[in-house]
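Work through these exercises with the model open beside you. Try each task before reading its solution.

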Amino acid sequence: MSIKRILIANRGEIALRIHRAAHEMGIETVAVHSTADADAMHVRLADHAICIGPPPAADSYLNHAAIISAAEISGCDAIHPGYGFLSENEKFAEIVEAHEIKWIGPKPEHIRTMGDKVAAKKTAGALGLPLVPGSAGAVSDLDEAKAVSAEIGYPVLVKAASGGGGRGMKVVPEESQLESLMSQAKSEAKSAFGDDTVYIEKYLGNPRHIEFQVFGDGEGNAIHLGERDCSLQRRHQKVLEEAPSPVLSPEERDRMGEVCAQAMRDMAYRGAGTIEFLWENGEFYFIEMNTRLQVEHPVTEMITGLDLVREQIRIAAGKPLSLTQDEVTFTGHAIECRINAEDPFTFAPSPGKVTAYHPAGGMHVRVDSGLYAGYSIPPHYDSMIAKLIVYGRSRDKCIMRLRRALEEMVIEGVKHSIPLHQELIKQDDVLSGDYSIKWLEEWLKEREA
Ligand code: ADP
């Protein structure tokens, strides 16, 4: 059954991204928005727009009833949740499907399993994905924690089962500190997530973050689209992403990609997913799976030539994957810079009116953004206002083009992260691709000193 009209349950650049894919497929779009977003670009471009509530996301972009009514009133036959907001909410996915509206996302039971870290780790292990050594599941008491930690060796990491955003996580350097740090992790987890379940993992000293993009048709067919290296992070937030990873050989990519694709075949996974690993000394360790489209998906699009949102929509409409694994090719190199409305040195948010805007252009340069001159960036939401994605035949050419594109781009009226990216891509370690998940914060500390 084909899809004729999609409700986009999101805002900002990703709402625009979904609108573009839909229109290129001849599908109409309905934007929903809060009162703070009445003048947003996705609202202007969509075929129809419905205001669903006041600025706080809890009353608008997270309001199940308002979004379902908007879909019914406007005659939508599908909902795309984008990333964030309701994209990994299995209850909302279930409600959408109960209303006979197509959910452009994974099966609700897979969202549920992967959303619980202990269950996700068990499932990943059973599917043959390599895990970080650690407890088999939740650890119930100190004796068990001691036994597990002694076996895997210190330092260990105590993690919250319901964790997110790095909260409820404690590095334990040695046994004498286990008791106090474990109880700190538990109380942090209890107050942040209402659940003090914790588990234990070996703490990796200097890993990279490498994630694989997968796609399944829900019937047991699945492919992988290679990896993205997202090691440049600040406070667990990705800052710059690239594909392919500077450290993987084509053989390693094929081998690990196939392990991921096979896992998705075995679970009959549907739609887009990302399997995240830490990578150290040639070994992969599963950390989590995101059951949605990722912010950094364009770097994969640049090197494969595939439109990932189009693929998601096709799968939701019951069509097969548009290509086989043998038909997937990787060409060249792509880098994405996340541009936030924030001070590039203190990282303090900087919402407000954009007085001038000129996106970069030219060959192999893509800007995903809802900005325009005169637009007021509301203070209520995420600070990411644009993504600059650049392609080159080699990593060196990609970096040269990125430097040129960053020079061209103009955003006035608010502070933003372009100066940070300009500095970042001059650093020797970034130029050589020699960085781990610790690199950016250490560099920022040195820069401050
Ligand atoms: P969250 O959902 O809270 O973000 P993750 O499991 O994704 O938690 O981990 C967040 C980050 O914490 C990772 O990107 C990595 O930087 C660090 N981390 C997680 N597990 C380990 C580990 N076993 N060893 C070292 N660092 C880790």
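**Exercise 1. Ligand contacts**

*Solution.* Step 2: go to E201, where a polar side-chain atom is 3.0 Å from a nitrogen atom of the ligand. Step 3: turn to K117, whose side chain has an N or O atom 2.8 Å from a ligand oxygen. Step 4: look at the surroundings. There are 18 residues around the ligand, and K117, G166, K202, L204 and I437 come nearest. A residue counts here if one of its heavy atoms lies within 4 Å of the molecule.

Before going on, note that this is a predicted model: local features need pLDDT of at least 70, side-chain atom pairs count only at pLDDT 80 or more, and totals for chains, interfaces and linings use all residues. Residues are numbered from 1 along each chain as its sequence is written, and side-chain values use heavy atoms, with hydrogens and water left out.

**Exercise 2. The setting of K117**

Decide whether K117 is buried or exposed, and list its contacts.

*Solution.* Helices (H or I, at least four residues) and strands (E, at least two) are DSSP runs, numbered from the N terminus. Step 2: K117 has a relative accessible area of 16%, so K117 is buried. The cut-offs are under 20% for buried and over 50% for exposed, with partly exposed in between (1.4 Å probe, protein chains only). Step 3: leave aside neighbours within four places in sequence. K117 then contacts A160, A161, G163, Y199 and E288. Contact means heavy atoms within 4.5 Å.

**Exercise 3. One side of a helix**

Which residues of helix 5 (residues 108–115) are buried, and what do they pack against?

*Solution.* Step 1: the buried residues are P108, H110, I111 and M114. Step 2: they cover an arc of only 165° around the axis, so they sit on the same side of helix 5. The arc is that of the directions from the helix axis to the C-beta atoms. Step 3: their packing partners are helix 4, strand 5 (102–103), helix 6, helix 9 and strand 13 (283–290).

**Exercise 4. A sheet and its helices**

Give the strand order of the open sheet of 3 strands.

*Solution.* Step 1: the order is 7-6-8, with antiparallel pairing. Strand 7 (170–172) and strand 8 (198–202) are the edges, each pairing on one side only. Two strands pair if DSSP finds at least two bridges between them. Step 2: strand 6 and strand 7 are joined by 3 bridges. L157 stands opposite V171 in strand 7. Helix 7 lies across strand 6 and strand 8, at about 15° to strand 8. Axes are lines fitted to C-alpha atoms, for helices over the stretch in contact, and angles run from 0 to 180 degrees between N-to-C directions.

Definitions and conventions
A polar contact is a pair of N or O atoms within 3.5 Å; within protein, one must be able to donate a hydrogen and the other to accept it, and residues adjacent in sequence count only if both atoms are side-chain atoms.
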